[in-house]
Amino acid sequence: MPALRIRFGARTFAPGVVPTLLMLPVLALLLGLGTWQLGRADDKRALFEAFARGTDATRPLPPASRPAPRYTHVRLEGRYLPSRQVLLDNVTHAERVGYRVLTPLERADGETVLVDRGWVPLGRSRAELPEVAVGTELRRVAGRVDALPRAGIDLASPEGSGWPRVASFPSMPELERALGRPLYPQIVLLDADQPDGYVREWRPPGLPPERHLGYAVQWYSLAAALVVIWIVVNTRRTTD
């Protein structure tokens, strides 16, 4: 006999032990997924707001010991090192596969900063690397500071040889070893109006916050539907 019995006119709600034990963990999972998506929406909202504020002011690139907040708009001077460029592999733009071009820029004090000059398409084969030459004259560069892009799944970075070096989502220490020099802890996303760049339609990575809110609504709706089904399954017409 179920411990709980609630009568509604000619019907009685009396949840059984087995259906309830089956329902509760699924309900907890659905509610947890909805709450997780709400948290993701908050994180993405903060990220998109930081990106929107990024060009409110331009400041000199701060010392490596005190890097600027993500997407801060900075300016710096230096000379590109075209003989030591890195092509980030497995990057898509408008449903086409290609590379993002990271070019070291050496400042007067010897500090080296990686400048992301944008996206270039894959050639007829991976054996045919794109032409990414750039001059070595003094440059005044402006852009947003950012972290190195990360893959959605863990992809090993090939050791490779020769230059430009092709790598799939390497870490900063891996790039320092390849280049044989310490690097500034952030990269600079070259502004779209700056010379020497390629496709530069910068935006925060991942889905916008509205999409995460939509997913949260879906999970919560499934949770509500599960509760309704549980109630219907455990409601019977009263015979006494």
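These are my notebook entries on a predicted model of one protein chain.

**Overall fold**

I began with the secondary structure and found three helices and eleven strands in the protein chain. Following the sequence, I read the pattern as β-β-α-β-β-β-β-β-β-β-α-β-α-β.

I then looked up the dimensions. The C-alpha trace spans about 95 × 40 × 30 Å along its principal axes. The radius of gyration is 27 Å, whereas a compact globule of 240 residues would have one near 18 Å.

I noted that buried residues account for 38% of the 240 residues. The exposed surface comes to about 14000 Å², with carbon and sulfur atoms supplying 59% of it. For contacts between residues at least 6 apart in sequence, I found that 67% join residues at least 24 apart.

**Phenylalanine 51 and its partners**

I searched for aromatic pairs and the count came to one. The pair is phenylalanine 51 with tyrosine 71, edge-to-face, at 5.0 Å centre to centre and 85° between the planes. Phenylalanine 51 belongs to helix H1 (residues 17-53) and tyrosine 71 to the loop between strand S3 (58-60) and strand S4 (73-80), so the pair ties together parts that are 20 residues apart in sequence.

I checked burial for both rings. Phenylalanine 51 is buried at a relative accessible area of 14%, and tyrosine 71 is buried at 1%. I also found arginine 144 over the face of phenylalanine 51, at 3.8 Å from the ring centre.

**Tyrosine 80**

Is tyrosine 80 buried or exposed? I recorded it as buried, because its relative accessible area is 2% and the limit for burial is under 20%.

The charged end of arginine 117 sits over the ring of tyrosine 80, 5.8 Å from its centre. Leaving aside neighbours within four places in sequence, I listed the contacts of tyrosine 80, among them Thr103, Pro104, Leu105, Val115, Arg117, Val141 and Leu190. I also looked up alanine 133, 53 residues from tyrosine 80 along the chain; their C-alpha atoms are separated by 10.0 Å.

**Salt bridges**

How many salt bridges does the structure hold? I found ten.

I looked at arginine 140 and glutamate 77, whose side chains meet in a salt bridge (2.8 Å, N to O). Arginine 140 is in strand S8 (residues 138-146) and glutamate 77 in strand S4, so this pair ties together parts that are 63 residues apart in sequence. Arginine 140 counts as exposed at 63% relative accessibility, while glutamate 77 is partly exposed at 37%.

Arginine 126 forms a salt bridge with aspartate 89, and the closest N and O atoms are 2.6 Å apart. I placed arginine 126 in the loop between strand S7 (112-121) and S8, and aspartate 89 in strand S5, so the pair ties together parts that are 37 residues apart in sequence. Arginine 126 is partly exposed, at 41%, but aspartate 89 is buried, at 9%.

I noted a further salt bridge between glutamate 128 and arginine 124 (3.2 Å, N to O). I also found Glu137, Arg139 and Asp196 linked in a network of salt bridges; Arg139 and Asp196 are among the contacts of tyrosine 80.

**Backbone entries**

Phenylalanine 169 has a positive phi of about 50°, and I located it in the loop between strand S9 (165-167) and helix H2 (172-179).

Terms used:
Residues are numbered from 1 along each chain as its sequence is written. This is a predicted model: local features need pLDDT of at least 70, side-chain atom pairs count only at pLDDT 80 or more; totals for chains, interfaces and linings use all residues. Side-chain values use heavy atoms; hydrogens and water are left out. Rings of Phe, Tyr and Trp (its six-membered ring) pair if their centres lie within 6.5 Å; planes under 30 degrees apart count as stacked, over 60 as edge-to-face and the rest as tilted. Helices (H or I, at least four residues) and strands (E, at least two) are DSSP runs, numbered from the N terminus. Buried means under 20% relative accessible area, exposed over 50%, partly exposed in between (1.4 Å probe, protein chains only). A charge sits over a ring if NZ of Lys or CZ of Arg is within 6 Å of the ring centre and within 35 degrees of the ring normal. Contact means heavy atoms within 4.5 Å. The radius of gyration is taken over C-alpha atoms; the globule rule is 2.2 Å times the number of residues to the power 0.38. Accessible areas come from the Shrake-Rupley method with a 1.4 Å probe; for residues, only the protein chains shown count as cover. A salt bridge is a side-chain nitrogen of Lys or Arg within 4 Å of a carboxyl oxygen of Asp or Glu.
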